[in-house]
Amino acid sequence: MSTTKMILEKAKALIADEKKRTTGAFARDEKGEWVNWKSDNATCWCSLGAVLKAADEEGVPDGKAYETLQLTARNMTYGKVLNSKDAVVYVNDNMPHDQV
């Protein structure tokens with residue numbers, strides 16, 4: 001299995017439970033407060049936070065993980081969102097949980 005696929009599958013598993021997914025922050029604690037996605041107190045993540053956490057666990061640099069997510073999000077929006085960075089936010093904040 002490719003590293004990219006493994007990271008995406010681990011990230012998907014991390015937020016598979018809708019209660020483990022958030023928007024507006026990379027990660028939140030059990031009180032709903034913003035925390036760093038690397039924090040031991042994180043209990044839920046946005047799609048990017050989940051990818052960064054999964055990539056970190058595999059030893060992949062943050063920049064490479066973010067690039068992978070940007071391309072994935074761009075494909076998920078069928079190129080409708082021109083800026084890849086905006087595509088990540090769009091996918092996380094506007095698409096149904098089962099599509100993220």
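Predicted model: local features only at pLDDT ≥ 70, side-chain atom pairs only at ≥ 80, totals over all residues.
The protein chain contains four helices and two strands. Read from the N terminus, the order of elements is α-β-β-α-α-α. The chain has 100 residues, and 39% of them count as buried. Among contacts with a separation of 6 or more, 40% join residues 24 or more positions apart.

Helix H1 covers residues 3-14. Its twelve residues should span 16 Å at 1.5 Å a residue, and the end C-alpha atoms are 16 Å apart, so expectation and model agree. Three residues of H1, Ile7, Ala11 and Leu14, are buried. Viewed down the helix axis, the buried residues of H1 fall within an arc of 55 degrees and therefore line one face. An α-helix has 3.6 residues a turn, so residues three or four places apart point the same way. The face of H1 turned away from the buried side carries Lys12 and Ala13, which are exposed. On the buried side, H1 packs against two elements. These are strand S2 (44-45) and helix H2 (47-57).

The loop between strand S1 (27-28) and S2 includes Lys31. Lys31 has a relative accessibility of 69%; it counts as exposed because the cut-off for that class is over 50%. Lys31 and Thr43 are twelve residues apart along the chain. Their C-alpha atoms are separated by 9.2 Å.

The largest nonpolar core has 17 residues. The members that touch the most other members are Ile7, Ala11, Ala27, Trp37, Ala42, Trp45 and Ala50. H1 and H2 each supply at least two residues of this core. H2 gives the most, with six residues. In soluble globular proteins, nonpolar side chains tend to be buried together. Two of the core residues named above, Ile7 and Ala11, are also among the buried residues of H1.

Neighbours within four places in sequence were left aside. Ala27 is then in contact with Thr22, Glu33, Trp34, Val35, Asn36, Trp37, Ala42, Cys44 and Trp45. Trp37, Ala42 and Trp45 are listed with Ala27 among the core residues that touch the most other members.

Definitions and conventions:
Residues numbered from 1 in each chain as written. Heavy atoms only, no water. Buried < 20%, exposed > 50% of the residue type's maximum accessible area, 1.4 Å probe, protein only. Contact = heavy atoms within 4.5 Å. Expected span 1.5 Å × (residues − 1). Arc of directions from axis to C-beta. Core = buried A, V, L, I, M, F, W, Y, C linked by side-chain atoms within 4.5 Å.
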